[in-house]
Amino acid sequence: MNTALSVSGLVKTFGRTRALDGLDLTVSTGEVHGFLGPNGAGKSTTIRVLLGLMRADGGTAELLGGDPWRDATALHRRLAYVPGDVTLWPSLSGGEVIDLLGRLRGGLDARRRAELLDRFELDPKKKGRAYSKGNRQKVALVAALASDAELLILDEPTSGLDPLMEEVFQDCVKEERRGGRTVLLSSHILSEVESLCDRVTIIRKGRTVETGTLTELRHLTRTSIHAELAGPPNGITALPGVHDVQVDGNTVRLEVDTPQLDAVLRQLTQVGVRGLVSQPPTLEELFLRHYEEELTELEGTPR
Amino acid sequence: MSTLAAPRPMSSLTGTRSLLRLGLRRDRIMIPVWILALLSSLFSTLGGYRGLYKTAAERQHFADGANGNSSTLAFYGPLHDPSLGGMTAWRMGALGAAFVGVMSVLLVIRHTRAEEEEGRLELVGAGVVGRRAALTAALLVAVLAALALGVLVMLGLASEGVAGAVSTGVGWAAAGILFAAVGAVAAQVTENARAARGIGVGVIAAAYLLRAAGDATEGAGWLTWLSPIGWIEQIRPYGGDRLWAALLPLAAAALLIAAAYALIEHRDLGAGLLAPRPGPAEAAPGLRSPLALAWRLQSGSLYGWACGFLVYGLVVGGIAKGIGDLVGGNSGTNDLITKMGGQSGLVDAFLVTCIGLMSAMASLYGVQAALRLRTEEGLQRVEPLLATAVGRVRWVAGHLLIALAGTVVMLLVSGLSIGLTYGASVGDLGGKVPELLGAVLVQTPAAWVAVGIGIALFGLAPRFSPAAWAVVAGFLLLGQLGPVLDLGQAVMDLSPFTHVPKLPGGTMDATPLIVLTAIVAALIAAGLYGIRRRDIAT
């Protein structure tokens, strides 16, 4: 599979702050790649380096086979970008902005533009100053999605959209994936990432902490089990990878490292299972685990 | 039984005190700068007259000239009392009232509609703040500024006669209060702070023109009575001190403030009375380049500035011929005007002075247009633009072209308008129009220098790009005050305007023009080099 963009060991400092501290990110052509991290982790900075708006202090970045800084103008013909905080010119209408950005990129599909305006229920005649945050975001989304760019870079594109529009957005991204476009989706909305992304990269403090397919990542975390047994559970706590065991008569709740799931189930069936509820780890738990590490570290630092 | 403290009743004015304190804090630089600028122009006028017109006969001669010339009547109104105080109050009365008005309008809109548009008022409004609090606080800020200014004027002019000093101070303060009320209404009318400022300043301009027509036209004096600035004029400091005339603007202010409060009750937060007009659903075919976008964003301001230059130029050209009558026989004025840049001939010297001022103003326009780049970057509007196939240099070039060409437009409009009225008054349109066009066009490279400095700063040290304003203000001050203060040539040489040929009257020399153009080109090249290498601000 081809690589649409790859970043390795990226470093960017602002004065004494190290916004990016050796970040790695690889996105393959044709995939929808989730880019996750808490606020201030460096997602937008990475994207700005990829767009050639900023120059990295260290590391390498490659975008569509070119150098994002040196070949910026040529590369930008092949990508479309939606910023996290869309600001529009107060005196230009939404329709004008969509057309302008499209033309400056090198073309816009008029039929697709009309269709997207319709689906996002966006009034293109309003002036920039009259749009709400969500509607400004829709303007940028329509401009990006109506292009024929091969790569879409979306920086928290749905933070101002209502649930209905979020649905429309997800449909659109799924269509883009079927059409073979590559999408880098930075997001805070984990359900969105779970339903859209083939692979995800989680970053924290300017560094990559996890990357892989959702299945692979799930493997790294725990499954929770709630079982009603024929008799009292024996020897469960002694098994490797089992945590937080709570026994109440014949029922047991526990968390297990996903690779050890098999052994735990075998032990449970030996006692006899009357009822079983098992929950796979959600991305949220995955994310929170990294988050909690940060919180623990914060609490540990003397003030 | 538990007793809860009864919540304090909330009135529509709750929170005014905190907002007033916030407003005064936010304006702790802006208000003193305005007051200082207005006071210094008033007192430098007084100082100038004191040095030039030492005898009563000289002053009477000046007054006869001023009252006999319709252009000066239009500009400053009639001169009622040929004393130093009377002349100062005449020279700065109507004009000063207009500037005080601009200060008030800007202050009030800054704390009302601008806050509302940015959404900050919503944040404040969700707290314990009444509906009328923001407007009340804004009006109080403006009224306090106007009163402070008025008192300082009284103190400063007291040496020329207490009654006249009081009248002058009352006049300016009343103008400040009246136009604060105009600003309060304008802030309710539109959703957009820029448009509200436009309405406020438009009202001031209309008031000024109305009284100009009334003062300059025989038998049309009633027009002056229709103009709020005319009412201020009717106070006649040092020439009757009719303080009762100040009741007119104050009564009008009361009515307007009542109207603004009534309007607040009938609208939603964020909304205006005038519904915003929708824009086109699709972009015009021409809107397809960074230059087209820059033009779209800047054309309104360019037309506005050009109108200002047109009016000023027409007035300057109209006064020019009569300038001899005005100062005639007074060697001091002759000296001064010659010192202020001209080589010979009173009219030429006058025109050179005015052209110098207008060139510096054109430069100010250019800086304003060039620094639009910084605004676009700061508001993050440029990010989506640069994420398309637009390179940085192309983006900068769009706004830069408008700044450079716009500066030339301002100069052309100045030359043309001066040439038209001056040419018509001396019956030599065919000769004067090209002569004055040439005189302003040689200023072009000098006027571009500040634009070049702005671009260089924007590219190399973006955080310091507002310093370009200071640079152009410095050039302006050197040109205006340098000759009066007898600053040395070394200091004067710092301003590019010192080096260009002083036409009409002076000799044409192309060398400084070539050198200045080369400097501008180098500054622009440095700016473009910088913007290609630096990070775009986030």
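# Close-up views of a predicted two-chain model

**View 1. A salt bridge between Arg296(B) and Glu96(A) at the contact of the two chains.** In this predicted model, Arg296(B) is joined to Glu96(A) by a salt bridge whose closest N and O atoms are 2.6 Å apart. Between chain A and chain B the count is three salt bridges, and there are also 23 residue pairs in polar contact, both residues being at pLDDT 80 or more. On the side of chain A that touches chain B, helix H2 (72–76), E5 and helix H3 (94–105) of chain A each supply at least two residues. The largest share of that side, eight residues, comes from H3(A).

**View 2. The extent of the contact between chain A and chain B.** The contact draws 34 residues from chain A and 38 residues from chain B. Together the two chains bury about 3,300 Å² between them, with 56% of this area on carbon and sulfur atoms. Within chain A, the residues that lose the most area to chain B are Trp89(A), Arg103(A) and Leu104(A), which together account for 21% of what that side buries.

View 3. Glu383(B) and Arg48(A) form a salt bridge in which the closest N and O atoms are 2.8 Å apart. The pair crosses between chains, Glu383(B) being located in helix H19 (residues 382–386) of chain B and Arg48(A) in helix H1 (residues 43–50) of chain A. Both Glu383(B) and Arg48(A) are buried.

**View 4. A salt bridge between two loops of chain A.** The side chains of Glu150(A) and Arg78(A) meet in a salt bridge, with a distance of 2.9 Å from N to O. Because Glu150(A) lies in the loop between helix H5 (133–145) and E6 of chain A, and Arg78(A) in the loop between H2 and E5 of chain A, the pair ties together parts that are 72 residues apart in sequence. Glu150(A) counts as partly exposed, at 38% relative accessibility, and Arg78(A) is partly exposed with a relative accessible area of 31%.

**View 5. Strands E5 and E6 of chain A.** Strand E5 (residues 79–82) of chain A is joined by four bridges to strand E6 (residues 151–155) of chain A, and the two run parallel.

**View 6. A buried salt bridge within chain B.** Glu377(B) forms a salt bridge with Arg534(B), the closest N and O atoms lying 2.8 Å apart. Since Glu377(B) is in helix H18 (residues 372–378) of chain B, whereas Arg534(B) is in the segment after helix H25 (511–533) of chain B, the pair ties together parts that are 157 residues apart in sequence. Glu377(B) counts as buried at 1% relative accessibility, and Arg534(B) likewise counts as buried at 11%.

**View 7. A network of salt bridges in chain A.** A network of salt bridges links Arg111(A), Arg112(A), Glu115(A), Arg119(A), Glu175(A), Glu176(A) and Arg181(A). Over all chains, the structure holds 32 salt bridges.

View 8. Four strands of chain A form an open sheet in the order E11-E12-E10-E13, with antiparallel pairing. Strand E11 (242–248) and strand E13 (273–279) are its edge strands, each of which pairs on one side only. Neighbouring strands of this sheet are turned by 15° against each other on average, direction ignored. Five bridges join E11(A) to strand E12 (residues 251–257) of chain A in an antiparallel run, and in E12(A) the bridge partner of Gln246(A) is Arg253(A). Helix H9 (residues 261–271) of chain A lies across strand E10 (222–229), E11, E12 and E13 of chain A, running at about 5° to E10(A).

**View 9. The three-stranded open sheet of chain A.** Three strands of chain A form an open sheet in the order E2-E1-E4, and the pairing is antiparallel. Strand E2 (17–28) and strand E4 (58–63) of chain A stand at the edges with a single partner strand each, so one side of each is left without a neighbour in the sheet. The twist from one strand to the next averages 15°. Strand E1 (residues 3–14) of chain A pairs with E4(A) in the antiparallel sense over five bridges, and the bridge partner of Ser6(A) in E4(A) is Glu62(A).

Notes:
Residues numbered from 1 in each chain as written. Chains lettered and ligands numbered in written order. Predicted model: local features only at pLDDT ≥ 70, side-chain atom pairs only at ≥ 80, totals over all residues. Heavy atoms only, no water. Pairing = 2+ DSSP bridges. Axes fitted to C-alpha atoms, helices over the stretch in contact; angles between N-to-C directions. Contact = heavy atoms within 4.5 Å. Buried area = accessible area lost by both parts, 1.4 Å probe. Salt bridge = Lys/Arg side-chain N within 4 Å of Asp/Glu carboxyl O. Polar contact = N/O pair within 3.5 Å; in protein donor to acceptor, adjacent residues only side chain to side chain. Buried < 20%, exposed > 50% of the residue type's maximum accessible area, 1.4 Å probe, protein only.
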